[in-house]
Amino acid sequence: MILPIVAYGDSILRKTADEISADSVELQQLIDDMFETMEASRGVGLAAPQINKAIRLFIIDSSRMYDDDDADKADATREVFINAKILEEDGKSWTYEEGCLSIPGIREDVARKPQIKIEYLDRKFKKHTKSFSGLTARVIQHEYDHIEGKLFIDHISPLRRSLLKRKLDNITKGITNADYKMRFPKR
Ligand code: CO
């Protein structure tokens, strides 16, 4: 089932999400629904708060971000992250233009470190500790921010953010040309 994506301005996007204590049929269904929702909106990642659940769950599929001849194409992955914890971030920060399904129509340069080490449970609740780099690390960092109540626009300068204020207010009011289903806090 495709779920509506929570728009910027909803307080759930600002909450620190709760740990998930146990597997359940509902959780597995939710993960399937999140993949369906992410694909329908052509996203590369989706976090549970974006579908109105304040739990520490996000999914990514970074394969779309790489070209077939990219040397680092092997870094691309499709994965579920439950109760993730970033243990380390390393390297010299690099800038890339990010967007977010909850903030349609806005893209901004964000600086992040290129390497991460992260501990998480997969959808079978098996524990992993893995390292990721480049674009895949970036998608994970962006989605991880969501379960911490942060958004990519928190990383840009106050001046840039003030220039976006009207656009952001419009998204909150439901004035957007997103071509996927959303739910708006003020409508
Ligand atoms: Co996002």
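The model is predicted, so local features need pLDDT of at least 70 and side-chain atom pairs count only at pLDDT 80 or more, while totals for chains, interfaces and linings use all residues. Residues are numbered from 1 along each chain as its sequence is written, and side-chain values use heavy atoms, with hydrogens and water left out.

**Exercise 1. Describe the largest pocket: what is its volume, and which residues lie nearest its centre?**

Step 1. The search runs on a 1 Å grid over the protein atoms alone: a cavity is a set of points where a 1.4 Å probe fits but cannot get out, whereas a pocket is an open set with protein on both sides within 12 Å along at least five of seven lines, and lining residues have an atom within 4 Å of a point. Grid points are joined across faces, edges and corners, and the volume is the space filled by probe spheres set on the points.

Step 2. Read off the volume, which is about 510 Å³ for the largest pocket.

Step 3. Turn to the lining. It has 28 residues, and Val 44, Gly 99, Cys 100, Leu 101 and Arg 107 lie nearest the centre. The elements giving two or more residues to this lining are strand S5 (94-98) and helix H2 (134-147). H2 provides the largest share, 5 residues.

Step 4. Sort the lining by class. Ala, Val, Leu, Ile, Met, Phe, Trp, Tyr, Cys and Pro count as nonpolar, Asp, Glu, Lys and Arg as charged, and the others, Gly among them, as polar. That gives 11 nonpolar, 9 polar and 8 charged residues.

**Exercise 2. Work out the strand order of the open sheet, and which strands stand at its edges.**

Step 1. Count the bridges; two strands pair if DSSP finds at least two bridges between them. S2 and S3 are joined by 3 bridges, S3 and S4 by 5, S4 (residues 78-90) and S7 (residues 115-121) by 6, and S7 and S8 (residues 127-133) by 7.

Step 2. Chain the pairs together. The 5 strands form an open sheet in the order S2-S3-S4-S7-S8, with antiparallel pairing.

Step 3. Look at the ends. S2 (45-47) and S8 each have a single partner strand, so one side of each is left without a neighbour in the sheet.

Step 4. Pick out some facing residues. Leu 46 stands opposite Ile 59 in S3, and Leu 57 stands opposite Ile 82 in S4. Further along, Glu 89 has Ile 116 in S7 as its bridge partner, and Lys 117 has Ser 131 in S8.

**Exercise 3. Decide which way the side chains of S3 point, and whether they are buried or exposed.**

Step 1. Apply the pattern. Leu 57, Ile 59 and Asp 61 point one way from S3, Phe 58 and Ile 60 point the other way, and all are buried.

**Exercise 4. Locate Asn 52 and Phe 125, and give the phi of each.**

Step 1. Start with Asn 52, in the loop between S2 and S3. Its phi is positive, about 70 degrees, although it is not a glycine.

Step 2. Move on to Phe 125, in the loop between S7 and S8. Here phi is about 65 degrees, again positive in a residue that is not a glycine.

Step 3. Compare with the general rule: most residues other than glycine have a negative phi.

Conventions. Helices (H or I, at least four residues) and strands (E, at least two) are DSSP runs, numbered from the N terminus. Buried means under 20% relative accessible area, exposed over 50%, partly exposed in between (1.4 Å probe, protein chains only).
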